[in-house]
Amino acid sequence: MKLTFDENISQSFEQLIIVCSLVLLAFLIVVVFLFVVFQKRKIKFITERNEAILKYQEEVARTQLEIQEVTLKNVGRELHDNIGQLLSVANLELNIFTSKNELNSDEDLTEIKALIGKSLREIRALSKNLNNEVIHQVGLVESTKNELNRLERLKFLKTEFTLKGNTFNLPKDDMVILFRIIQEFLSNVIKHAKATHLKICFSYTLNELKITAEDDGVGFEIDKVTWSSGLVNMKSRALLIAADFDIQSEQQKGTLLQIKYLKKQV
């Protein structure tokens, strides 16, 4: 039995509708699939970003605690070894003059005043270091200078600081981490290097800060030494703020630390 012309058109139309429906259904399935994939990737990205932010904040908090602990130890050492000694000498001379009930000369009085004045200056310098916000207030350059001045006062070694270029502002947390890396390097120099001289240079360009620290100590062989927790911490903290970290050393030729930090919007 032959189909009429109208029946053929109707059947073709129905088939077209079915094909279009299937295509539309397939398209919707693809769209839903892509949406689900996109959402999963979005959730993954947000989760990883939040984890990275949390890790960064935890590291900053831990770094601040370490700086406070080191500062307290340094203050205790200076109070005992430096200021305590100055005040002891001043007290001894005062006792001698008191027992004689007179001062031998104006020079004696001047010497005592000088000792007391130096002690007061040392105490003021220490009080600044005890302020948890001192790094934020004075900046990375001045905080580093203060550390070098402390080493000079305690007669650990001779230091030299060089500043090149025009400084720019750093995010506060990044500044804390950079300072802790420098502080860790200085600690290793004092403990292990047996150095007599230490040089630190801050070189600023338009978009970068390059920090170099170099001592003339005994050095070590990078390939043979087992990385200590201090070196590992310095490197991991540099990576946390997207800074390039490199340390070079050779026996009897000292150690060189280099950090390259790209400028960020503050």
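A disulfide is a pair of cysteine sulfur atoms within 2.5 Å. All views show a predicted model.

View 1. Searching the whole structure for disulfides gives zero.

**View 2. The largest nonpolar core.** This core contains 40 residues. Leu140, Phe185, Phe202 and Leu209 have the most contacts inside it. Two or more core residues come from each of the helices α1 (5–100), α3 (134–153), α4 (172–193) and α5 (229–240), and from each of the strands β2 (197–204), β3 (208–215), β4 (244–249) and β5 (255–262). Helix α4 supplies the largest share of the core, with 11 residues.

**View 3. Surroundings of Leu140.** Leu140 is among the core residues with the most contacts inside the core. With its neighbours within four places in sequence set aside, Leu140 is in contact with Ile135, Leu170, Met175, Leu178, Phe179, Ile182, Phe202, Leu209 and Ile211. Of these partners, Phe202 and Leu209 are also listed with Leu140 for the most contacts inside the core.

**View 4. A nonpolar patch on the surface.** Ile18, Leu22, Leu25 and Ile29 make a nonpolar surface patch of about 400 Å². One of these residues, Leu22, lies in helix α1. Leu22 has a relative accessibility of 52% and so counts as exposed, the cut-off for exposed being over 50%.

Terms used: Residues numbered from 1 in each chain as written. Predicted model: local features only at pLDDT ≥ 70, side-chain atom pairs only at ≥ 80, totals over all residues. Heavy atoms only, no water. Core = buried A, V, L, I, M, F, W, Y, C linked by side-chain atoms within 4.5 Å. Buried < 20%, exposed > 50% of the residue type's maximum accessible area, 1.4 Å probe, protein only. Helix = DSSP H or I, 4+ residues; strand = E, 2+ residues; numbered from the N terminus. Contact = heavy atoms within 4.5 Å. Patch = residues over 30% accessible without salt bridge, like charges linked within 9 Å, V, L, I, M, F, W, Y side chains within 5 Å. Areas by Shrake-Rupley, 256 points an atom, 1.4 Å probe, with all protein chains shown as cover. Salt bridge = Lys/Arg side-chain N within 4 Å of Asp/Glu carboxyl O.
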